[in-house]
Amino acid sequence: MILGQERAVGQFASAWATRRLHHAWLLAGPKGVGKASFAHAAARRVLAEAAGPPFDRPALETDDEHPIVKLVEAGSHPDMRRLERLVNEKTGNLKQDILVEQIRELGEFLNLSAALSPWRVVVIDTVDELNKNAANALLKMLEEPQPNTIFFLVSHAPGRLLPTIRSRCRRLDFSTLDDDAMTSVLERAAPDVSAAERQRTIAMSFGSAGRALAFAELSLAKLEDAALAMVRQGDPTNARRAELASELGKKGAADRYVAFLDLGPSLIAREARKLDGRPRERALDAYAKARELAAVAPRVSLDPAATVFQLGGILASVASLKP
């Protein structure tokens, strides 16, 4: 079930029911609101319904015991490919981009005949992470699509994509989730979280279920308090950001470090809404800097402690903007 995205689900389900559908779907919206889950559910539905045996389920729902669904879940369906960043064997970290070699391998896959039904599915998560050569290679595939092939392109920042890629896709917009949907997600996935902690987690997740689940798992209330202190009170002696950098720079703190990169820009955005005029413009500039740092740091393996210290400085700069 894709909570809170009924419009996107309905649009694709209606198109699939007629079999008169676009070959490429751009799934656009913030991180953590269900785009990748939608792509996975849609792939299950397409491949299971195309191959049979038939079933009667609404929208994108499928039976977990369906033999085709089992193949998808096992990652062994011969008519489906999922592209994402590969692991760098030397560092153990994800590579910076999805590489052109991966797109070329995808082309070889598409040149083969489908195995279990006439339909094939490709999921790219995320298309934002294609390097220049990979993006151009994908564009050629979208310009000359193979029959009965559906692309699901997950994008957190569709405005950064090649305009020619965007123009060859049908766009589905995914919005942030309301509190009711967020509560349902947390109640189902994190039932041990107290009601009070759940509400606090929802408040700092800004409509992103993925962010909320990460925050609930890592118990990030203390981390939010430290970040808010810098945003609201500043950090004139650098003590707050130095303490946070020391804590999150440790080897065992990788998950909390990633969560802090996600949390920082969101807190600035929340504070910016309380400002007007020039202070608000400067706060939005700080948000843009924080978001850019948070996006770049993991991809180019910046030092975590130094990154946290730099992000802390951006957070603290917002305090000086308040009347």
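This report walks through selected local features of a predicted model.

Let's begin with strand 1, residues 24–28, where five of five residues are buried.

Strand 1 has parallel partners in strand 4 and strand 5. Five bridges link strand 1 to strand 4, with A24 standing opposite F151. Strand 5, residues 170–173, pairs with strand 1 over four bridges, and here L26 has R171 as its bridge partner.

G159 sits in the loop that runs between strand 4 (149–155) and helix 6 (163–167). Its C-alpha atom is 9.5 Å from that of A28, although the two residues are 131 apart along the chain.

## R270 and its surroundings

R270 belongs to helix 12, which spans residues 254–272. Which backbone oxygen does the side chain of R270 reach? It is that of A203, at 3.2 Å. Setting aside neighbours within four places in sequence, R270 is in contact with A203, M204, F206, E224, L228 and R232.

## Backbone geometry worth checking

Most residues other than glycine have a negative phi, and most peptide bonds are trans. A few places in this model depart from that. The peptide bond from G52 to P53 is cis, with omega near 0 degrees; P53 lies in the loop between helix 2 (35–51) and helix 3 (67–74). Another cis peptide bond joins D125 and T126, with omega about 5 degrees, and T126 is in the loop from strand 3 (120–125) to helix 5 (132–143).

Positive phi values turn up at N238, about 70 degrees, and at S301, about 55 degrees. N238 is in the loop between helix 10 (221–233) and helix 11 (239–248), and it counts as partly exposed because its relative accessible area is 31%. S301, in the loop between helix 13 and helix 14 (304–319), is also partly exposed, at 48%.

## A nonpolar surface patch

V296, V300 and L302 make a nonpolar surface patch of about 190 Å². Of these, V296 lies in helix 13, residues 277–299, and its relative accessibility of 30% makes it partly exposed.

Note on methods: Residues numbered from 1 in each chain as written. Predicted model: local features only at pLDDT ≥ 70, side-chain atom pairs only at ≥ 80, totals over all residues. Heavy atoms only, no water. Patch = residues over 30% accessible without salt bridge, like charges linked within 9 Å, V, L, I, M, F, W, Y side chains within 5 Å. Areas by Shrake-Rupley, 256 points an atom, 1.4 Å probe, with all protein chains shown as cover. Salt bridge = Lys/Arg side-chain N within 4 Å of Asp/Glu carboxyl O. Helix = DSSP H or I, 4+ residues; strand = E, 2+ residues; numbered from the N terminus. Buried < 20%, exposed > 50% of the residue type's maximum accessible area, 1.4 Å probe, protein only. Polar contact = N/O pair within 3.5 Å; in protein donor to acceptor, adjacent residues only side chain to side chain. Contact = heavy atoms within 4.5 Å. Pairing = 2+ DSSP bridges.
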